[in-house]
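I opened this notebook to keep track of what I looked up in the structure shown here.

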Amino acid sequence: MIATDMDQTFLNNQNTYNKDRFKELFNEMQRQKIHFVAASGSQHERLRALFTPYANQMDFISQNGSIIYSGDQLLDVEQLPVPLVQQTIDTIFENFNDDEVMINVCGLTSSYIDQTTPQEIVDFLHQFYKEIRLVKNLRNFAQTGITDPVVKIAVSFADSADLPSKIQNLRQKLDPQLTSLSSGFNTELIGFSHVDKASALKHLMANYRVTPAELVTFGDNENDLKMLQMTPNGYAMKSGYPIVKEVTQHQTRFDNDHDGVLDVIESLL
């Protein structure tokens, strides 16, 4: 099994990948009966759209492990109770000013942001979320009537010199059931503490009877660490965060803009 993070790992900085090279490698993975898994903090619909020709033959882990698909079959969804979602939103706005943070409530089928969100931010978010809905007064989420199962709460911080202390403050104030992980772009993804890319991979590995020694993983950021460390074949991106490279056994020769993941897959195959 080969599992890879998407943004700044498998995808280049234009949010795409070398499709001709991947096509050849994917066909070889299929021939060798190797499962290919896209593992991301972003939305399932967006991941599936990236791999349209192959989507029914691969697996997807989205929202940092909260949603698992095998092809078009939903295997698992870890839903946050609405009262806990509302409590978390309240905690965020009790501790941060409106101009410091933006909230994106991530559901199974769509992501939800406040209707006052500037259009340039909506356009930016469309890079990571294919389905976005604007909601009146998202701060009062429990009153919106949204029935889509919520799996994560994304909190994006404005640039500031004290960003690390703000993130630490957020983590300290969360309900004990929850944790947050950095997902890049000043964004923390909040969800159940027992749910992450590694827990989702274990689910798939049990389905396919894959051992840790038969797993290869790729990542660049904090939300990839457990996934990278669950196998002796974890690869940090050359362009990844220093802490990720420090604790991962292997590193790609090239960065995400130069087919770093595909280069390693090719050598392994």
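The entries below go from the ground rules to one residue, then to the rings and the strands.

**Ground rules.** I am working with a predicted model, in which local features need pLDDT of at least 70 and side-chain atom pairs count only at pLDDT 80 or more, while totals for chains, interfaces and linings use all residues. Residues are numbered from 1 along each chain as its sequence is written, and side-chain values use heavy atoms, with hydrogens and water left out.

**Threonine 9.** I looked up threonine 9 and found it in helix H1 (residues 6-10); helices (H or I, at least four residues) and strands (E, at least two) are DSSP runs, numbered from the N terminus. Its relative accessible area is 0%, so threonine 9 counts as buried (buried is under 20% relative accessible area, exposed over 50%, partly exposed in between, with a 1.4 Å probe and protein chains only). I noted a polar contact of 2.7 Å between the side chains of threonine 9 and aspartate 5; such a contact is a pair of N or O atoms within 3.5 Å, where within protein one must be able to donate a hydrogen and the other to accept it, and residues adjacent in sequence count only if both atoms are side-chain atoms. Leaving aside residues up to four places away in sequence, threonine 9 touches several others, among them Phe218, Gly219 and Asp220 (contact means heavy atoms within 4.5 Å).

**Rings.** I searched the whole structure for aromatic pairs and found 18. Rings of Phe, Tyr and Trp (its six-membered ring) pair if their centres lie within 6.5 Å, and planes under 30 degrees apart count as stacked, over 60 as edge-to-face and the rest as tilted. The rings of phenylalanine 26 and phenylalanine 36 are edge-to-face, because their planes stand at 90 degrees, with the centres 6.4 Å apart. This pair links distant parts of the chain, since phenylalanine 26 belongs to helix H2 (residues 19-31) and phenylalanine 36 to strand S2 (residues 36-39), 10 residues apart. Phenylalanine 26 is buried at a relative accessible area of 1%, and phenylalanine 36 is buried at 1%. I also recorded a cluster linked by ring pairs, including Phe10, Tyr17, Phe26 and Phe36.

**Strands.** Which residues of strand S12 (residues 216-219) lie on each side? I found Val216 and Phe218 on one side and Thr217 and Gly219 on the other, all buried. Strand S1 (residues 2-4) pairs with S12 in the parallel sense over 3 bridges (two strands pair if DSSP finds at least two bridges between them), and isoleucine 2 stands opposite valine 216. S12 also runs parallel to strand S13 (residues 234-236), joined by 3 bridges, and there tyrosine 235 is the bridge partner of phenylalanine 218.
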